[in-house]
Amino acid sequence: MTEETRRPQPFRIAARAMRQLGAELITSDEMALYELIKNGFDAKSPRTTVAISAPADSAAVALVREQLSTGRVSVQVALERLEKTLSSDLTIEQRVSALQQFKEHGTSVVALTSFLDAFLRHEFWIEVADTGSGMSADDLRDKFMMVGTPNKLIEKAQADRTILGEKGIGRLSMMKLGQRAVVRSKKAGAESWNSIDFDWKKFDAPGAELGDVLFEVQEGEAAEESVKGTDIHVTELLANWSAAKVNEFLNKYVRRLQDPFAKPRRPYPIDVLLNGHRLPITPIPSWLLDVAQFRCEISFTPDLADTRSVALRREVTWKGGSTAETRTWTLDELAALVGVPVETCRNLGPFTASCYWFNRKLIVGTVEYPKSRMLAELNVWCGGFAVYRDGFRVGQTGGMEDDWLEWDGKALKTKGFMLNRYQTVGAVSITSKRNPRLIDAANRERLVSCPEQTLLVGLLGNIIVSDLRSHIDAIKQVEVKQAIEEESAEESLKRSEVSLKNTLQTVEEIARAVPATVQPQIENVRRALQSQVEYVETIRGALQLARETRVELLELANIGLVVEIVVHELTRLTQSTGDLLLNLRKATAADAPLVELIDNLQSQIKATSKRISSVDVLSPSGRNRREKFNVVAQLKTVVSGFEARFKRHSVECEVLVDGEPAISQVYEVRLVRGLIAQVLENLLTNSVYWVQQGLKRGEDRRRIVVELDSRASVVMVTDNGPGIDPSHGESIFRPYFSMRKRGKGLGLYIARELVEYHGGKLHLDASDEADGRLRTFVLELPREGEA
C-alpha cells in the first residue's frame with residue numbers, strides 16, 4: 001500500500017445524487033412551492049408573490065410538436081390542435097396573441113417546430129418573488145449554494161422572531177419544479193442585482209461528481225439602492241400547471257398554509273397569479289363553521305409543579321348551545337393513560353388545538369350557500385388535525401392524504417356516530433420555542449417520530465378522539481331517541497284525536513237511528529267516548545310541557561302509541577256497529593238483536609277504557625311512581641283488554657304462572673305499575689298481527705301464551721306465528737326497523753328503552769325452536785333495588 005492510498009479520503013458524491021436527494025426531500029410540486037414561499041417570510045418580506053405562466057396545456061403542446069416533427073400531422077392540422085390546447089382562463093387578448101404567434105410561425109414544419117420548442121421553454125414558467133432582505137453576491141456563493149447550511153438554524157436560535165426554515169434544503173425545490181432556474185437577489189444599498197443561472201441537467205452527466213458541477217454568480221442590471229428582495233424564475237417546467245392544478249394548489253396548500261383558527265389571526269399575505277390574473281385566496285368561511293355540529297377547544301399545559309393539577313382540558317360547544325361542556329385530565333392521569341413518564345409530558349411542551357365536527361347528513365344549505373357548496377368547501381378543509389408550527393402548516397398534516405393520528409382505521413372499528421377525518425376540520429398549534437422537540441421530518445411532510453411526537457399522537461389520537469367519539473355517540477343517541485319519541489307521541493295523539501272525533505260523529509248517527517228506549521245506553525257510550533277525548537287532550541298538553549322542560553319522553557311516547565291502538569279499535573267498533581244499526585233502523589226496543597248490539601258496544605267501550613286505565617299510571621301525573629302490586633293480576637287485566645280482538649281474529653291466549661293457569665296466584669313486586677302493561681301491550685299487538693300472517697309448521701290454531709316465571713322474575717310472551725330469523729334478533733329493537741308492511745318500527749324500540757330506563761331488560765329468547773326461528777320475548781323485571 002502506497003503513501004497515497006493510506007492518506008484519509010473524503011466521501012465522493014456523484015452529481016446525480018443531488019437529483020436523488022431533491023426527489024426524496026421535496027416530494028411534490030406543491031411542497032416545492034410551499035418551501036419557496038416560506039423563504040420570503042424568513043427574509044422579512046411583507047408579502048410573497050407566486051406568478052405562474054401556463055398559456056396552454058404543455059403536455060398537449062409537446063404532443064403536437066412531436067406529431068409535427070415526425071410527419072404524422074400537417075402544419076394546418078397542428079395549428080388546429082394547438083388552438084385547442086390553449087388555457088380556458090386566458091383573456092380574449094391573450095388568446096388572440098397566442099393564436100397569432102402560432103400562425104406567424106406556421107409557414108413550415110421546421111419553423112413551427114422550432115417555435116414550439118422555444119414556446120415550451122420560455123412561455124411556461126413559475127416565479128416566486130419577495131421584497132425581503134435579499135442576498136449579496138457573497139451570500140449567494142457561501143450560503144445559498146450550500147445545501148444544508150446551518151445559517152437559518154443559528155439565526156433561529158438567536159432571533160426574537162419566527163423563522164420557518166432551518167434545514168437549508170429549500171433551494172432544492174427549484175430542481176423539483178423545472179430543469180432551469182434563475183435566482184436574482186439584491187440587498188438594500190447595493191447598486192445592482194446578483195444572479196445565478198442554474199441548469200439542473202448538469203447533474204445528470206454520466207461520471208460527473210458533485211464538485212464538478214459549477215455555477216457562477218453574475219452581476220446583473222443596476223437598480224436603485226432602496227430596491228431589495230429575491231426573485232426565483234423557474235422554466236422548462238416538469239409538470240403541467242393547468243388551471244385545475246393551480247386551483248388544487250390553492251385549496252390544498254395556500255389556503256391552508258396558515259392556521260385558520262389562530263387568535264388573533266394575522267395571515268402572511270401571499271399573492272398567486274395565473275397567466276397574469278390574481279386568484280382569490282379566502283380563509284375558512286364563517287358560514288361553513290356555523291353548520292358544524294360542535295366546536296371543540298383543547299389546551300395542554302404540562303409545565304405544572306403539582307402533577308395532580310389539570311394538564312389537559314377539552315371544551316365542547318354544541319350547535320345552538322351557549323355554554324361549553326368540559327372534561328379535564330391531570331398530569332398523573334395522562335401519564336398513566338398514555339404510558340409515558342411525567343417528564344415526557346413536560347418535554348412535549350404546551351399546545352392548543354381547535355376542531356369542528358360536521359355531520360354531513362345534517363347539513364342544511366341556504367339560498368345563498370346551497371348544501372353542495374357547503375360540502376365542496378368542507379372537502380377543502382377536512383382531514384382531522386393539521387399541525388401548525390408558529391402559525392404555518394407542517395407538510396400535509398390534517399389533509400386527507402395524511403392520517404398521522406390513524407383516525408380512519410380506528411373509526412372503522414368504532415360503533416355509533418363516527419368521528420373521522422372526513423367530518424373534521426382541526427388545527428394543532430405548536431411553536432418552535434415551546435415545543436423544541438417536535439421537529440419536521442427531512443421531507444417536511446410531518447413531524448419526526450420521537451417520544452414527544454408519540455405522546456402528541458396519544459393525546460389527540462387516543463384520549464381526545466375517544467372522548468369525543470363517546471360524547472358524540474351519547475348526545476346523538478339522546479337526540480335520536482328524543483326525536484323518535486316526540487314524533488311517535490305527536491303523530492299518535494293527532495291520529496287519536498281525529499279518530500275519536502269521527503267516532504263521536506258515528507255515535508251521533510247511531511243515536512238518531514235507534515229508538516228512544518235505548519237512548520240511555522247511547523248516552524253512556526257518548527260519555528265514555530268524551531272522557532277519552534279529554535284524556536287524549538291531556539296527553540297532548542303534557543307532551544307540550546315535556547318539550548318545554550325537556551323531561552324524559554319515553555313513557556309519554558309509549559302512551560301515545562297505546563292510545564292510538566285503543567282508539568283504532570274503538571273507531572273500528574263504532575263504525576261497524578253503525579253499519580249494522582242502519583239495517584236495524586226499524587227495529588223496536590224489544591228486538592233482541594238491537595239490545596244485544598248496544599250492550600256489546602257498551603261493554604267493548606268499557607274494555608278499551610280499561611286498557612287505557614291500565615297504562616294511565618305512567619301518564620305525566622303518575623310516571624316514575626313505584627308501588628307494590630300483584631303482577632299476576634295485572635297480566636290478566638291487560639290480556640282481558642284484548643279479548644275482543646282475540647275473538648275477532650280467532651286467537652287463543654292463556655296466562656300462566658310457573659306453567660300453571662293464572663287463577664288466584666300472587667307474585668308481588670315493587671316497581672312502576674304501568675311498566676309491564678305498556679310492554680305487554682306492544683308484545684301482544686305484535687303477536688296478534690303475526691299469528692294472522694301465518695302459523696308455525698304443524699300448528700293449526702292461533703295461540704299466544706303469556707307466562708310469569710316467578711323464580712327467574714321474568715314475563716315471557718310466546719306465539720306460534722311465523723317467528724323471527726335469528727339474524728334479526730337485535731334489528732327488531734332498532735328504531736324504524738319493521739317487518740310489517742305498514743309498521744312504524746317504533747313499538748319494540750320504545751318498549752326496550754322503557755324497560756331499560758327502569759332497570760329491566762327486554763330481549764328475544766335465543767334458544768330457537770326446531771325450525772330455527774325465534775318466538776319468545778322475555779321481559780326481565782327490575783330487581784327491588786333497581787326499579
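Predicted model: local features only at pLDDT ≥ 70, side-chain atom pairs only at ≥ 80, totals over all residues.
Residues are classed by relative accessible area as buried (under 20%), exposed (over 50%) or partly exposed (in between), with a 1.4 Å probe and protein chains only. By this scale Lys-44, at 56% relative accessibility, counts as exposed. Residues are numbered from 1 along each chain as its sequence is written, and side-chain values use heavy atoms, with hydrogens and water left out.

Of the 787 residues of the protein, 49% count as buried. The protein exposes about 37,700 Å², of which carbon and sulfur atoms supply 52%; accessible areas come from the Shrake-Rupley method with a 1.4 Å probe, and for residues only the protein chains shown count as cover. The secondary structure comprises 24 helices and 23 strands, taken as DSSP runs (helices: H or I, at least four residues; strands: E, at least two) and numbered from the N terminus. Contact denotes heavy atoms within 4.5 Å. Among contacts between residues at least 6 apart in sequence, 73% join residues at least 24 apart.

Nonpolar cores were defined as sets of buried Ala, Val, Leu, Ile, Met, Phe, Trp, Tyr and Cys residues joined through side-chain atoms within 4.5 Å. The largest such core has 72 residues, and Met-174, Phe-198 and Trp-241 have the most contacts inside it. Helix α3 (residues 29-42) provides the largest share of this core, seven residues. A second, separate core consists of 42 residues, among them Val-639, Val-669, Val-715 and Leu-764. When residues up to four places away in sequence are not counted, Trp-241 touches Asp-29, Leu-33, Ile-52, Ala-54, Ile-126, Leu-177, Val-246 and Phe-249.

Two of these partners, Val-246 and Phe-249, are among the buried residues of helix α11 (residues 243-254), together with Lys-245, Leu-250, Tyr-253 and Val-254. Seen down the axis of α11, the buried residues fall within an arc of 145°, and therefore line one face of the helix; the arc is that of the directions from the helix axis to the C-beta atoms. An α-helix has 3.6 residues a turn, so residues three or four places apart point the same way. The buried residues of α11 pack against α3, β1 (48-53) and β7 (270-274).

Positive phi values occur at residues other than glycine. Lys-44 has a phi of about 65° and lies in the loop between α3 and β1. Asp-390, with phi near 55°, is placed in the loop between β13 (384-389) and β14.

Further loop positions were examined. Asp-402 is located in the loop between β14 (392-393) and α16 (407-412) and is buried, at a relative accessible area of 7%. Leaving aside neighbours within four places in sequence, Asp-402 is in contact with Gln-396, Thr-397, Arg-421, Glu-445 and Arg-446. Arg-434, in the loop between β15 (424-430) and α17 (451-513), is partly exposed at 39% relative accessibility. The C-alpha atoms of Arg-434 and Gly-349 are separated by 5.6 Å, although the two residues are 85 apart along the chain. Not counting residues up to four places away in sequence, Arg-434 touches Leu-348, Gly-349, Pro-350 and Ser-429.

Side chains of opposite charge can pair when their charged atoms come close. With a salt bridge defined as a side-chain nitrogen of Lys or Arg within 4 Å of a carboxyl oxygen of Asp or Glu, the count comes to 29. Glu-221 lies in strand β5 (residues 217-222) and Arg-184 in strand β3 (residues 178-186), so the pair ties together parts 37 residues apart in sequence. Both members are partly exposed, Glu-221 at 41% relative accessibility and Arg-184 at 22%.

A salt bridge also joins the side chains of Asp-440 and Arg-389 (2.6 Å, N to O). This pair links distant parts of the chain, 51 residues apart: Asp-440 is in the loop between β15 and α17, and Arg-389 in strand β13. Both Asp-440 and Arg-389 are buried. In the bridge between Glu-699 and Lys-696, the closest N and O atoms are 4.0 Å apart; Glu-699 is partly exposed, at 26% relative accessibility.
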